Amino acid sequence: MVTLALLTTVIWTDGDAEDLERATVTAACVSLGLALINLLSLARLRASHRWVRYSAWGLTVVLAAQIIYAVWNDDPGDNSLRILAATTVLLVAFSVLVPILGRWSGREAASELTSPRFCPACGRGLEDSSQPVTCPACGARFQVNFQ
Ligand SMILES: [Zn+2]
């Protein structure tokens, strides 16, 4: 909504609002970055493939920061633009890889849905899905049976 309001304001301004345009690009980068992170979160990945999603999230944040830096800096320099381009290529590659891996490991990921992912006592995320589970944080020991 903020991005839409800024974009509408920039469109109706007479072109002498450079900071407003920069703020609009910044808000658009944040909005689009969060949208991409949310989309990447939808894929059900095997635990051994989750690093690909975390890498894509990290690359999204880095790319948004690089674009915002380039927009607010009057002379970002050739090297920073090259690094921005390389980050873009990596982000596209990882973003394409996440749904492919989700599809590829769909059956195994579905079986992970029937195992506990969080400790019911303290809420900590669990990596080990073997049953019964012992929470490494609070020591609670439990077993979950899905019907
Ligand atoms: Zn716990």
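These legends describe close-up views of one predicted model.

Residues are numbered from 1 along each chain, as its sequence is written. Because the model is predicted, local features need pLDDT of at least 70 and side-chain atom pairs count only at pLDDT 80 or more, while totals for chains, interfaces and linings use all residues.

**View 1. The whole chain and its elements.** The protein has five helices and two strands. From the N terminus on, they run α-α-α-α-α-β-β. Here helices (H or I, at least four residues) and strands (E, at least two) are DSSP runs, numbered from the N terminus. The C-alpha trace spans about 65 × 30 × 25 Å along its principal axes. The radius of gyration is 21 Å, whereas a compact globule of 147 residues would have one near 15 Å. That radius is taken over C-alpha atoms, and the globule rule is 2.2 Å times the number of residues to the power 0.38.

**View 2. Two domains.** Domain 1 covers 2-113 and domain 2 covers 114-147. These bounds come from an automatic or database domain assignment. Taken over C-alpha atoms, the two domain centres are 33 Å apart.

**View 3. Helix α1 against helix α2.** Helix α1 (residues 2-12) packs on helix α2 (residues 18-41) at about 150 degrees, with axes 9 Å apart. Axes are lines fitted to C-alpha atoms, for helices over the stretch in contact, and angles run from 0 to 180 degrees between N-to-C directions. The angle therefore makes α1 roughly antiparallel to α2 (under 35 degrees is roughly parallel, over 145 roughly antiparallel, 65 to 115 roughly perpendicular, the rest oblique). In α1, the contact residues include Leu-6 and Val-10; in α2, they include Leu-20 and Ala-27. Contact means C-beta atoms, placed from the backbone, within 7 Å. By class, this contact has eight nonpolar, four polar and one charged residues. Ala, Val, Leu, Ile, Met, Phe, Trp, Tyr, Cys and Pro count as nonpolar, Asp, Glu, Lys and Arg as charged, and the others, Gly among them, as polar.

**View 4. Helix α2 against helix α3.** These helices pack at about 175 degrees, with axes 10 Å apart. α2 and α3 are therefore roughly antiparallel. Among the residues that meet are Cys-29 and Gly-33 in α2, and Trp-57 and Trp-72 in α3. The contact divides into 14 nonpolar, three polar and two charged residues.

**View 5. Helix α3 against helix α4.** Helix α3 (residues 50-72) and helix α4 (residues 78-104) pack at about 150 degrees, with axes 9 Å apart. α3 and α4 are therefore roughly antiparallel. Their contact has 16 nonpolar, seven polar and one charged residues.

Methods: Contact = placed C-beta atoms within 7 Å.
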